[in-house]
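Work through the exercises below with the sequence and coordinates open. Each task is followed by its solution.

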Amino acid sequence: MVYKKSLGEKAFDVFNILLLTIGTFVFLYPLWFVLISSLSSAAAIASGSVILWPEGINFDAYKRVFSDKSIWNAYSNTLFYVGVGTVINLVLTTLGAYPLSRRDLKGKNGIMMFIVFTMFFSGGLIPIYLNVRDLGLFDSRWAILLPSAISAYNLIVMRTFFQSTIPDGLIESGKIEGASEYRILWSIVLPLSMPVMAVMTLFYAVAHWNSWFDAMIYLQNRNYFPLQLLLREILVQSQTNNMLGGVGSGDVQTISETIKYATIIIATLPILVIYPFLQKYFAKGVMLGGVKE
Amino acid sequence: MRTRAVNTKGTKAPGHFSKGYRRTTFKEITKNRSLYIMLIPVILYFVLFQYKPMYGVIIAFKDFNPFVGVWDSKWVGFKHFEQFFQSYYFGRILRNTVLMSLYQLIFAFPAAIILALLLNEVKNQAFKRIVQSISYLPHFISLVVVSGMIIDFLQPDGIINRLIVAAGLMKEPINFLIMPEWFRTVFISSGIWQGIGWSSIIYLAALSGINPSLYEAAVVDGAGRWKQMLHITLPGLMPTIIILLIINIGSFMVVGFDKIILLYNPATYETADVIGSFVFRRGILEANYSFTAAVGLFNSMINFILLILVNQIAKKKAESSLW
């Protein structure tokens, strides 16, 4: 049976495609504008003629950003926080999720309550801040890694995944073979849990990559600053002085504009490049989170 | 066979409960010894980084003195709470927090649903996939970069003002970021730009779960696309909408203050300052620890009550609680 569209429905289709095309343009244009501006000459930007295409293409801004040591230092700090932080997250989350997914564990409901309660009530910013100082973590890399070591939400998602996809019989047979719990976790449970592990890795890694607030309140030593905190200084507080060597005072403002755009591109490019490959995992992750008991 | 034997043994003896029960408990705990050992670092984390600050919140009822510590600081009862409730800021930050959440609920929440519905009506799958992928993209740009872009675009000589003036909508450029009346619009609309695609994923998944035979039957009955949307698509989406609405209401008093402190400035405090940003400024920057711990506790308590209420409603209405 062929469904015949009415005139109104045809009009809607045209309107819908048009609207979504405009929407797509709105999603992309800000990034496009930053890209073309970072490649344009400072004079073209000052005159306001850069709107759709770069003008006076040059790489001066990139050269200035690349020659700034603090950017590279912050970049490597961020890679450290993402790498080490994500490993800590994954190990601890798994060590919590696996035992709690086991039906035969006495007291698991009590421990779950103990964990879930922290999602409902928190000491609040100030007690958390004073606690980190109290523990002697202030102004150290641990202040970035430890306070966010486990997300209760992620732990619950992982536990639900273990419960719903790992058959009890498989764990049982591992035990009969005489395998230790660590062995069972490592050789039976984890190989079957790659989808959830991939999603957790991505969620934790992106959170570390984007994080800046903890670094701002806990760190004073600039050598420990992650990229996002440095970006805040450059983009939000407009501190581009480090990169303005040799610029005449009249050009400072326009050149610092192009430096900002180049910085945004350099800081966002890694994500944009790997994004198409990771996209499907992210979408999957949202759905995993929707899984309830 | 074996499992059945074990089961009957376990359920057979409610009479001499205590002795047998205790022995099996002990046996089960030693049997799963290594599972408990795995949990030690996890529990340690929650004690040290979640529960210890909960104990630390008692400084809200004390005059905290960093040199003597939490326990030995002097008790002052509700002094800080009274000071907060009587201050000029109480009304302002409460109003800003509530309004910001409310606007988010009114504008950002339905936006994702509308995007999902529009995408659902697209018959060309390739086009649909491209629009979807591009709409997620802003979600992965960090908040700092997005805020930096907002600040740059909204300068008097920024791209948005240039486009507005060029289009003849306005004669003079507007300095958005120092105008309190613009702050919420900027905050909410940039939030929609960044989040709408990502938030629509969950609705699109729910839409793909609707049984196609329902649509076929509707066509046979002569229902047009509008009727189909009204009577099949929307009802199919309702459970998801209700659950997400409940989650949103549960976090009503939590406004993303990290984005606020990136975007606000003293000129816009009047409309921009929320509870979170106030606690940050007065507490961490100005070191009024006890006072802001009290403000934070006030906020945590409202959150807690909201979450409990909302879950009760979810249990009754949606027949599925959130935990």
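**Exercise 1: a helix pair**

Task: describe how helix α6 (residues 88–120) of chain B packs on helix α10 (residues 180–208) of chain B.

Solution. Take the axes, lines fitted to C-alpha atoms over the stretch in contact. They come within 7 Å and cross at roughly 45°. Angles run from 0 to 180 degrees between N-to-C directions. Under 35 degrees counts as roughly parallel, over 145 as roughly antiparallel, 65 to 115 as roughly perpendicular, and the rest as oblique. α6(B) and α10(B) are therefore oblique to each other. Their contact holds 18 nonpolar, six polar and one charged residues. Here Ala, Val, Leu, Ile, Met, Phe, Trp, Tyr, Cys and Pro are nonpolar, Asp, Glu, Lys and Arg charged, and the others, Gly among them, polar.

The model is predicted: local features need pLDDT of at least 70, side-chain atom pairs count only at pLDDT 80 or more, and totals for chains, interfaces and linings use all residues. Residues are numbered from 1 along each chain as its sequence is written, with chains lettered from A and ligands numbered from 1 in the order in which they are written.

**Exercise 2: the chain interface**

Task: how many residues of chain A are in contact with chain B?

Solution. Contact requires C-beta atoms, placed from the backbone, within 7 Å. By that test, 68 residues of chain A touch 68 of chain B. Helix α14 (residues 252–290) of chain A gives the largest share of chain A's side, 11 residues. Helices are DSSP runs (H or I, at least four residues), and strands likewise (E, at least two), numbered from the N terminus. Chain A's side divides into 44 nonpolar, 16 polar and eight charged residues.

Note on methods
Two residues are in contact if their C-beta atoms, placed from the backbone, lie within 7 Å.
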